[in-house]
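Dear colleague,

Please find below the structure that I am handing over to you. I would be grateful if you would look through it alongside the notes that follow.

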Amino acid sequence: MPSDLLERSRLFLEYLEEWRRGLKPFSLSRELGEPGAAAVFSADMVVGFCHSGSLASPRVGSLVQPVVDLFQRAWRAGMRHFVLAQDTHHQAAQEFGAFPPHCVRGTEESQTIPELRGLPFADRFTIVEKNSLSPAVGTGLDGWLDSHPELRTCIVVGDCTDLCTYSLAMHLRLRANALNVAGVRVIVPANAVETYDLPVEMARKIGAPAHPGDLFHLVFLYHMHLNGCQVARELVD
Ligand SMILES: [Zn+2]
């Protein structure tokens with residue numbers, strides 16, 4: 001059975017690689033349109049995923065530079081809305097049944113990474129605190145979206161591709177679909193999104209669920225694409 005699944009999936013995996021190779025850059029100068037109707041949304045660009053803590057990894061840490069670069073490009077292009085959805089967990093969060101404790105409110109882990117905090121326009125950031133993978137359940141996100149009805153272009157970055165970033169991009173896409181808002185684009189630059197890797201051998205050793213980073217990253221990018229998000233190779237000026 002497993003070998004059969006492998007065999008049956010081979011063609012699709014080749015197709016997936018081909019899809020990735022064909023991703024095009026998104027050009028701010030040519031494709032952004034009205035910058036006032038655009039916002040950058042980030043998922044979990046916090047210390048606890050990028051720098052230190054039980055869920056931090058160099059792989060996710062490698063996102064810092066591309067995300068900072070993207071924020072700066074967006075600012076230079078005239079964008080002024082930056083919405084940062086961030087884990088700010090209750091001490092006894094239900095999520096800690098599935099993932100080790102991380103990003104508890106009041107700890108360094110739950111802080112925005114210093115590389116973003118140090119940007120000259122950091123005082124314009126809107127922080128959306130969340131206690132789950134959902135950016136919208138029990139948070140201020142929908143309130144912010146309600147108060148910005150002009151929003152048409154959502155640029156989504158952050159970690160992890162298959163978890164909070166996926167939830168964030170999908171919420172923005174599905175909300176626009178559900179409310180029938182015409183002209184909304186959810187753009188996901190693949191170079192500013194990442195997920196963690198927990199190989200099978202290591203997972204067996206420590207008794208945690210395996211998490212194939214490369215595969216999940218690609219499958220979930222593709223899943224956003226098939227749901228109508230626009231996955232780009234990167235954001236350029
Ligand atoms: Zn969390």
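This is a predicted model: local features need pLDDT of at least 70, side-chain atom pairs count only at pLDDT 80 or more; totals for chains, interfaces and linings use all residues.

Residues are numbered from 1 along each chain as its sequence is written, and side-chain values use heavy atoms, with hydrogens and water left out.

Zinc site

The zinc ion has as its protein donors Asp87 (OD), His89 (NE2), Glu95 (OE) and His102 (NE2), at 2.0 to 2.1 Å. Donors here are N, O and S atoms within 2.8 Å of the metal (3.2 Å for Na, K and Ca); water is not among the atoms, so sites may look incomplete. Along the sequence, the donor residues follow the spacing D-x1-H-x5-E-x6-H. The angles among the four donor atoms run from 90 to 166°, and the site is irregular.

Cysteines and backbone

The structure holds zero disulfides, a disulfide being a pair of cysteine sulfur atoms within 2.5 Å. For cysteine 103, the nearest cysteine sulfur belongs to cysteine 50 and is 9.2 Å away. Cysteine 103 lies in the loop between S3 and H6; helices (H or I, at least four residues) and strands (E, at least two) are DSSP runs, numbered from the N terminus. With a relative accessibility of 1%, cysteine 103 is buried, and its phi is positive, about 50°, although it is not a glycine.

Glutamate 108 is also found in the loop between strand S3 (81-87) and helix H6 (114-117), and at 49% relative accessibility it is partly exposed.

Cysteine 160 sits in the loop between strand S5 (153-159) and helix H8 (164-178). Its sulfur is 7.2 Å from the closest cysteine sulfur, that of cysteine 164, which is too far for a bond. Cysteine 160 is buried, at 6% relative accessible area, and a cis peptide bond with omega of about -10° joins it to aspartate 159.

Asparagine 180, in the loop between H8 and strand S6 (185-189), likewise has a positive phi, of about 55°, without being a glycine. Its relative accessible area of 67% makes asparagine 180 exposed.

A search of the whole structure gave one cavity of 30 Å³ or more. A cavity is a set of points, on a 1 Å grid over the protein atoms alone, where a 1.4 Å probe fits but cannot get out, and lining residues have an atom within 4 Å of a point. The largest cavity holds about 40 Å³ of space. Its lining consists of Pro66, Asp69, Leu70, Arg73, Asn191 and Leu235. Helix H5 (residues 64-76) contributes the most to this lining, with four residues.

With kind regards

Note on methods:
Buried means under 20% relative accessible area, exposed over 50%, partly exposed in between (1.4 Å probe, protein chains only). On a 1 Å grid over the protein atoms alone, a cavity is a set of points where a 1.4 Å probe fits but cannot get out, and a pocket is an open set with protein on both sides within 12 Å along at least five of seven lines; lining residues have an atom within 4 Å of a point. Grid points are joined across faces, edges and corners, and a volume is the space filled by probe spheres set on the points. Four donors count as tetrahedral if all angles lie between 85 and 135 degrees; four count as square planar and six as octahedral if opposite donors are over 155 degrees apart and all others between 65 and 115; anything else is irregular.
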